[in-house]
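Colleague: I would like to go through this model with you. Could we begin with what the term "buried" stands for?

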Amino acid sequence: MTTADRRGPIPELRALKRAGLGTDPGRVRALIAELTDPLDLEAAGRLVGGAKQRTALTESGSFRETRIAFLASSTIDPLPPMVVAALAREGVAAATRAAGFDQWQLEVLTGAPELGDLEPRVVSCLLDDRAVLSAVADPLDLELVERRCAGFAAELAEWAHACRGTLGGTVVLNTVPLSPLARARHVDYAGRARLASAWHRMNSDILALAADHASVVVVDTAGLDTPTVAADDRMRHIAGQAFSPHFLRAYAEELTRVARAELGLARKCLVLDLDNTLWGGVVGDDGVGGIRVGGAYPGSAFSELQGLARDLGRQGVILAVSSKNDPDIAEEAITTHPEMVLAREDLVAVRADWRPKPDNVAELARELNIGTDAMVFVDDNPAERELMRHALPEVTVPEMPADPSGYALSVARAAGVDLLRLTREDRGRADMYRAQTGREQLRAGSDNLEGYLHALESRLSLEPLDELNSARVVQLFAKTNQFNLTGRRYGAEEIARITGRGGGFYAARLSDRFGDNGLIAALALLPGDGGAWEIGNIVMSCRVFSRDVEHAIVGSVLRAALRHGASAVTASFTRTDRNAKFAGFYPEAGFTEVTDTAGATDGTRAFHHDLAQPPPLPAWITITRGEEIIDAL
Amino acid sequence: MRSEELASEVVADLLDVDEDGLSPDVRLADVEGWDSVNALRVLVYLERALGAELDYDAFERARTLGDMAAVLEPHVSARDGADL
């Protein structure tokens with residue numbers, strides 16, 4: 001029998017490796033996803049983790065890259081390949097390197113000779129109890145043990161600080177499991193309790209390091225999903241292993257989530273099915289009164305999943321529904337069933353229709369302006385899951401158990417929405433996206449553009465540059481490519497220099513009936529020739545295109561110039577590779593082109609407004625603070 | 001499955017070497033990538049496949065793929081029996 005005849009993910013991966021992993025990177029991910037045993041995951045990692053294989057995957061265009069360094073107090077040979085495989089399954093090609101056996105301290109103390117040039121983004125330091133107890137002369141002397149435990153977290157913090165200095169990256173520490181033999185050598189329960197008490201306090205101190213140090217993540221090993229912790233006794237003795245393959249696999253999965261989060265790959269949106277997913281039964285057949293949610297099992301299982309979804313939503317994960325149902329009855333069930341945990345407001349969109357679900361998911365992604373690879377699809381129906389995996393392989397599709405009692409945990413484990421640290425923006429994100437879909441729906445429902453613009457009830461507010469908005473103003477100049485009329489990107493220093501010479505910078509904020517869009521535009525005004533004002537540049541976020549906001553802004557500038565007795569307002573447009581569609585902006589705003597021959601050759605067009613007749617301001621935008629806050633130059 | 005097939009299959013998969021070149025008289029030391037770490041991987045993998053703990057000393061003493069297969073033999077036969 002030759003390799004080619006055998007079936008199974010590992011032989012197929014080997015065949016793919018020979019053909020070149022880049023020929024079918026999607027298949028690489030799918031094959032690894034089929035693996036259930038830690039030893040197979042390790043084998044897969046060794047197959048796809050070579051430099052050549054990594055290059056093939058990244059050059060395929062569908063893989064991201066990361067670099068991970070491993071340090072430990074025991075033999076962890078299987079761990080790096082497991083992480084490589086788990087990350088490959090997630091579309092990330094990881095370069096890994098491990099320090100030698102029990103070199104975790106020495107490697108960092110000596111300036112990282114083994115790991116330094118890897119420049120890791122993530123540094124995993126996996127410790128077992130020998131890291132703590134080997135420094136205790138007599139394991140039965142509980143006072144010694146207590147002292148060692150009490151000082152260990154501080155020692156580890158110092159190590160993490162040094163590690164960050166030499167290696168950089170996010171440091172991943174762990175709570176240290178206490179091995180069975182360390183407990184069992186004490187004959188009395190009082191002694192074991194004292195040992196465990198000191199040990200738990202130490203682990204609690206280690207966990208607290210995550211709160212104090214922004215670049216430290218602590219994995220609580222007590223929470224890992226593994227049937228065993230300690231290595232097989234023979235492997236402890238033969239190979240110096242401390243942890244079982246199952247433990248290492250569970251830790252590898254945790255590290256995979258950290259590495260993804262560190263790359264900013266957290267998934268953003270959960271798309272949920274209704275019938276037999278968010279509630280038991282089929283609402284179209286059973287009626288709103290007949291669906292099962294809340295109360296005793298199985299209703300409790302559906303409530304559990306709803307509760308999880310709601311809590312993810314409260315932390316910035318966008319929630320939407322895609323269900324094969326009539327929209328009226330779906331909405332009725334969601335809004336009126338007394339046992340619903342999720343409220344209608346928790347959902348940015350409810351797609352109840354008879355279209356293929358991949359169409360709904362793709363359309364939602366477009367409306368929310370996120371990638372389909374940021375979507376998670378939750379559906380009890382294996383056929384729907386299969387269709388989604390086939391049509392949109394980049395969508396995360398958690399495998400669901402047959403019984404609803406396991407739904408919530410399955411989704412929690414597979415969703416991949418993990419973040420290193422939750423920010424205020426994350427919490428507010430759902431509101432922002434809800435507003436975005438609201439605008440899209442309003443546009444679809446309006447029969448003409450002007451009606452839509454009026455219905456939006458936009459409010460524009462200008463503000464001078466100040467301490468609070470300066471970072472965002474610099475960011476707008478730096479990041480804006482399309483509505484960027486001269487390509488000039490003012491940095492903080494240049495802004496200070498220009499304002500020192502009498503120039504002015506302003507920002508604009510836009511809100512509408514769906515919420516606040518935040519600071520969406522910035523402009524630079526410079527003193528021009530003969531008492532004229534010169535617009536140095538205007539930049540505006542693409543989020544608010546096609547609403548005539550730019551006309552309200554420049555109109556306010558013209559009115560302010562008139563009010564302060566300026567002789568004219570001049571402006572220019574410099575073509576870049578991204579701003580072509582705004583080449584006609586100044587003429588539309590009532591400016592006359594005065595490009596001279598010198599300007600024409602370098603592609604800069606000059607414009608002039610004599611202020612005789614400032615253009616009308618767009619009627620659908622209420623300007624709450626406008627020309628009156630723009631100072632004389 | 002015969003013990004020789006199982007041994008060559010696992011060595012081929014774990015070390016990613018061509019299975020056709022793995023005859024029973026092949027010296028393990030001559031297999032590309034064979035080292036102490038990979039030897040342990042093969043051991044643990046075989047034990048999982050057979051659902052039994054192998055004689056570590058005998059496994060360590062094995063010099064050829066055939067020697068290794070001999071270590072598996074009692075467990076492979078036991079399993080074949082159980083399958084019937």
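Modeller: A residue counts as buried if 20 or more other C-beta atoms lie within 10 Å of its own. Please keep in mind that this is a predicted model.

Colleague: Which residues of strand β5 of chain A are buried, and on which sides?

Modeller: In β5(A), residues 216-219, Val216(A) and Val218(A) are buried on one side, and Val217(A) and Val219(A) are buried on the other.

Colleague: Which residue is the bridge partner of Val172(A) in β5(A)?

Modeller: The partner is Val217(A). Strand β4 of chain A, residues 170-174, runs parallel to β5(A), and four bridges join the two.

Colleague: Turning to the four-stranded sheet, what is the strand order?

Modeller: The order is β8-β7-β6-β9 in chain A, in an open sheet with parallel pairing.

Colleague: Now chain B: where is confidence lowest, and where is it highest?

Modeller: Helix α4(B), residues 65-83, is lowest with a mean pLDDT of 80, while helix α3(B), residues 56-61, is highest at 95. Chain B averages 89, and 90% of its residues score at least 70.

Colleague: And what are the ipTM and pTM scores?

Modeller: The model has an ipTM of 0.89 and a pTM of 0.75.

Definitions and conventions. Residues numbered from 1 in each chain as written. Chains lettered and ligands numbered in written order. Predicted model: local features only at pLDDT ≥ 70, side-chain atom pairs only at ≥ 80, totals over all residues. Pairing = 2+ DSSP bridges. pLDDT = per-residue confidence, 0-100. Buried ≥ 20, exposed ≤ 12 C-beta atoms within 10 Å, placed from the backbone.
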